[in-house]
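Colleague: I'd like to learn how to read a model like this one, feature by feature. Can we go through it together?

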Amino acid sequence: MDKVVLIVFVTPLLLFFILFYRRITWLRLIKSKHMKNQLPLGTLGWPFVGETIEFISCAYSDHPESFMDKRRSMYGKVFKSHIFGSPTIVSTDAEVNKFILQSDAKAFVPSYPKSLTELMGKSSILLINGSLQRRIHGLVGAFFKSQQLKVQITREMQNYVQQSMTNWKEDQPVYIQDETKNIAFQVLVKALISLDPGEEMELLKKHFQEFMSGLMSLPINLPGTKLHQSLQAKKKMVKLMLRTIESRRECGISKVPKDVVDVLLNDENDRLTDELIADNMIDMMIPGEDSVPVLMTLAVKYLSECPTALQQLREENVKLKKLKDQLGEPLNWSDYLSLPFTQTVITETLRIGNVIIGVMRKAMKDVEIKGYFIPKGWCVLAYFRSIHLDDKNYDKPYQFNPWRWQDKDTSTCNFTPFGGGQRLCPGLDLARLEASIFLHHLVTQFRWYAEEDTIVNFPTVRMKRRMPILVRRVKS
């Protein structure tokens, strides 16, 4: 019995001291190796967990920027930390971020938390490097920019928005985030695999939501865990994608692609296997469930709090609608994107809302940027939010002010809502188009007010609430 007690109590203690000794040894090795090349200031936090807990808790608080602001004031715009299990250099410097984003795989490669990496798989466009990544990115980007797809997206978006808004009732709250998720997901899936609304779409959506729930879970793949459930959901989606691909091959692949699957199947690259295409179709659905709906929801939220901007947006869109009605013509994609104030509203929403807060990379060699040393093997977090909300870059940065963009260039390293470099989001134009169409139909058909408990500042990227509004139809 004494031996059992000894094993139970002494073994964990011994294990702790071994791990603690290894960490101290590792820190000494890092310090000696880089004495000449000074690491940025900062702290690696607690043993094992580093500063991950504080980073995550701040991200889901009412002040998500507090983690960065505290360290920026102590250590400067670039500092060292330890998050998601890796020693990390965090950059809130626009020029350093620009260098990281524009670097090739010889200097930096994508690096994400283990649960996300396992879910995405090694063949994900978010993780692969080199010529294959450039090929897929180029093919998809060219298709997303094509006039053919913009015409299709405009038609589908108009239909889905109208179908959704037809069901809105004046005496019941409308949950904007739920509505935009449903619309954006259907539009994107149609562009990816030409799947129409119906039972199969609903099943895919169900599996996809299960898949998304595990993206930032603990990296433990055991039955009952979030990660395991998400991996099972992805397997079901992959089977659906492979059936779609097999059906295309049997029927003959169209030389004039109607969706992204056709685009990739038409390419002759041997490395574009059916399994790789299936995996990437799933990864490309993420904006339809996450970033695009958040963009549209935040735009409604900020407009609700800025009546002057809402009025100018409404006047601009009503004027266009009346003109097209007089001409007897439907609105096309170029009409929506030609609305100048609408575009400034979307741009300002991207800046203050920070739909994408940053990107993570891993250094493949020792790198020095602006005097900051990044050791080989360390992760780098290029953090956009702090730059977008820096009062040195933007006057009154927490104030929603779309007019600031009327005479301001958006192609600056101080504004990177979609990332940059070789991995710039290929769907950025489509995100703007979808948001433009949704806002046009909303402001020309409805007046609304947000329920009292939603008129608060939503600094977080992911909405804590579903943004309920009460609507009143506008008579034509």
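This is a predicted model: local features need pLDDT of at least 70, side-chain atom pairs count only at pLDDT 80 or more; totals for chains, interfaces and linings use all residues.

Colleague: Fine. What is the idea behind that rule, and how many salt bridges does it give here?

Modeller: Side chains of opposite charge can pair when their charged atoms come close. In this structure the count comes to 23 salt bridges. Take aspartate 267 and arginine 135: their closest N and O atoms are 2.5 Å apart. The two partners sit 132 residues apart, with aspartate 267 in the loop between helix 11 and helix 12 and arginine 135 in helix 6.

Colleague: Is aspartate 267 buried or exposed?

Modeller: Aspartate 267 has a relative accessible area of 14%, so it is buried.

Colleague: Which pair joins helix 12 to helix 10?

Modeller: That would be aspartate 279 and lysine 234, which form a salt bridge with an N to O distance of 3.9 Å. Aspartate 279 belongs to helix 12 and lysine 234 to helix 10, 45 residues apart. Both aspartate 279 and lysine 234 are buried.

Colleague: And what about lysine 324 and aspartate 335?

Modeller: Those side chains meet in a salt bridge too, at 3.1 Å from N to O. Lysine 324 is in helix 15 and aspartate 335 in helix 16, so this pair ties together parts eleven residues apart in sequence. Lysine 324 and aspartate 335 are both buried. Salt bridges can also share partners, and that is how Glu51, Glu54, Lys70 and Arg71 are joined into one network.

Colleague: Let's turn to helices. Which residues of helix 3 are buried?

Modeller: The general idea comes before the case. An α-helix has 3.6 residues a turn, so residues three or four places apart point the same way. In helix 3, which spans residues 66-75, Phe67, Met68, Arg71 and Arg72 are buried. They cover an arc of only 120° around the axis, which means they are on the same side of helix 3.

Colleague: What do the buried residues of helix 3 pack against?

Modeller: Their neighbours are helix 2, strand 1, strand 2, strand 8 and helix 18. Just after helix 3 comes glycine 76, with a positive phi of about 105°.

Colleague: Which residues other than glycine have a positive phi?

Modeller: Phenylalanine 48 is one of them, with phi near 75°. It lies in the loop between helix 1 and helix 2, and a relative accessible area of 42% makes phenylalanine 48 partly exposed. Lysine 396 is another non-glycine case, with phi of about 45°. Lysine 396 is in the loop between helix 18 and helix 19, and at 54% relative accessibility it counts as exposed.

Colleague: Which residues make the nonpolar surface patch that includes Phe48?

Modeller: Trp46, Phe48, Val49 and Ile53 make that patch, which covers about 470 Å². Valine 49 is placed in the loop between helix 1 and helix 2, and its relative accessible area of 37% makes it partly exposed.

Colleague: Now the cysteines. How many disulfides does the structure hold?

Modeller: A disulfide is a covalent bond between the sulfur atoms of two cysteines. This structure holds zero disulfides. Among the cysteines, cysteine 251 counts as exposed at 66% relative accessibility, while cysteine 413 is partly exposed at 27%.

Terms used
Residues are numbered from 1 along each chain as its sequence is written. Side-chain values use heavy atoms; hydrogens and water are left out. Buried means under 20% relative accessible area, exposed over 50%, partly exposed in between (1.4 Å probe, protein chains only). Helices (H or I, at least four residues) and strands (E, at least two) are DSSP runs, numbered from the N terminus. The arc is that of the directions from the helix axis to the C-beta atoms. Contact means heavy atoms within 4.5 Å. Patches are made of residues with over 30% relative accessible area and no salt bridge: like charges are joined within 9 Å, nonpolar side chains (Val, Leu, Ile, Met, Phe, Trp, Tyr) within 5 Å. Accessible areas come from the Shrake-Rupley method with a 1.4 Å probe; for residues, only the protein chains shown count as cover. A salt bridge is a side-chain nitrogen of Lys or Arg within 4 Å of a carboxyl oxygen of Asp or Glu. A disulfide is a pair of cysteine sulfur atoms within 2.5 Å.
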